[in-house]
Amino acid sequence: MRHSKAEKAKTHKRIVAIAAKRFREEGIAGIGIAELMKEAGLTVGGFYKHFKSRDDLVAEAVGSALGVWKHQVDAAASGGPPVTYESLVDDYLSEAHRNHPGTGCPVSALAGEIARSDKRTRAVVTRQIRENIELLATLIRDTNQKDQGEKDTSTLRSQAVLAYCALVGAMAVARAVSDEQLSREILKTVAQLLKKPAS
């Protein structure tokens, strides 16, 4: 019995990982349950042994794809490379992130679809966006202390909200355009402007 529970948990995790990647690549509406289950080596009937509905899978898959920045911060705390505002901006607005949406930020890949998702999915995303904005505010504060001295909390929060929206929007637009040179220009310009010290 324990073995079957462990196997079921492993299979569940595999389905979620495949869905998280494929949703970011194809869109939430762009791939069906049958295709996801086939990719996982399972039948459609097996889906309901793991999820009550497609919405449950979407919430879990999108949720599993969130938290990349938190993982970077946790890794830095354990002796990994430090996370700075500049490094976060450069990493997010990289061509590698643009070219591989399946392993990147689900918000820049799926914002329009998430807005039309069920309450559970939107709540998961909302919680993570709040945490990302708080992290950005902290990193901006750390950068400002080195460069300019103290800023009040509301100013830091405003800068963090603007930075987050600029990051997500720039990535979405850079992926949307068909002109490679324009796409690179969008990523580079927004990165430069976000890293420029605020006056």
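Two residues are in contact here when heavy atoms of theirs lie within 4.5 Å. The notes below concern a predicted model.

1. **Val107 and its surroundings.** Val107 is found in helix α7. With a relative accessibility of 8%, Val107 counts as buried, because buried means under 20%. Setting aside residues up to four places away in sequence, Val107 touches Leu66, Ile114, Val125, Ile129, Tyr164 and Val168.

2. **The largest nonpolar core.** This core holds 52 residues, and those with the most contacts inside it are Phe23, Leu57, Leu93, Leu136 and Leu167. Several helices supply at least two residues each, namely α1 (2–26), α2 (33–39), α3 (54–65), α5, α7 (106–115), α8 (119–147), α9 (153–176) and α10 (180–195). The largest share, nine residues, comes from α9.

3. **Leu93 within that core.** Leu93 is one of the residues with the most contacts inside the largest nonpolar core. Which residues does Leu93 touch, not counting those up to four places away in sequence? They are Leu167, Ala170, Met171, Leu187, Val190, Ala191 and Leu194. Of these partners, Leu167 is likewise listed among the residues with the most contacts in the core.

4. **The length and start of helix α10.** Helix α10 has 16 residues and reaches 23 Å from its first C-alpha to its last, which is close to the 22 Å expected at 1.5 Å a residue. Its N-terminal end is capped by Asp179: a side-chain oxygen of Asp179 lies 2.9 Å from the backbone nitrogen of Gln181.

5. **The two faces of helix α10.** The buried residues of α10 are Ser183, Ile186, Leu187, Ala191 and Leu194. Why do they lie on the same side of α10? They cover an arc of only 115 degrees around the axis, and therefore share one side of the helix. An α-helix has 3.6 residues a turn, so residues three or four places apart point the same way. The cover over the buried residues of α10 includes α5, α6 (95–99) and α9. The face turned away from the buried side carries the exposed residues Gln181, Lys188 and Leu193.

6. **Aromatic pairs.** The structure holds four aromatic pairs. One of them joins Phe47 and Tyr48 edge-to-face, with 4.9 Å centre to centre and 85 degrees between the planes. Tyr48 is exposed, because its relative accessible area is 56% and exposed means over 50%. Trp69 and Tyr92 form another edge-to-face pair, at 6.0 Å centre to centre and with 70 degrees between the planes. This pair links distant parts of the chain, with Trp69 in helix α4 (residues 68–77) and Tyr92 in helix α5 (residues 85–92), 23 residues apart. Both Trp69 and Tyr92 are buried.

7. Phe47, Tyr48 and Phe51 form one aromatic cluster. Phe51 is also in contact with Asp56, as is Arg120, when neighbours of Asp56 within four places in sequence are left aside. Asp56 has its place in helix α3. With a relative accessible area of 18%, Asp56 is buried, because the limit is under 20%.

Technical notes
Residues are numbered from 1 along each chain as its sequence is written. This is a predicted model: local features need pLDDT of at least 70, side-chain atom pairs count only at pLDDT 80 or more; totals for chains, interfaces and linings use all residues. Side-chain values use heavy atoms; hydrogens and water are left out. Rings of Phe, Tyr and Trp (its six-membered ring) pair if their centres lie within 6.5 Å; planes under 30 degrees apart count as stacked, over 60 as edge-to-face and the rest as tilted. Buried means under 20% relative accessible area, exposed over 50%, partly exposed in between (1.4 Å probe, protein chains only). Helices (H or I, at least four residues) and strands (E, at least two) are DSSP runs, numbered from the N terminus. A nonpolar core is a set of buried Ala, Val, Leu, Ile, Met, Phe, Trp, Tyr and Cys residues joined through side-chain atoms within 4.5 Å. The expected span of a helix is 1.5 Å times one less than its number of residues. The arc is that of the directions from the helix axis to the C-beta atoms. A polar contact is a pair of N or O atoms within 3.5 Å; within protein, one must be able to donate a hydrogen and the other to accept it, and residues adjacent in sequence count only if both atoms are side-chain atoms.
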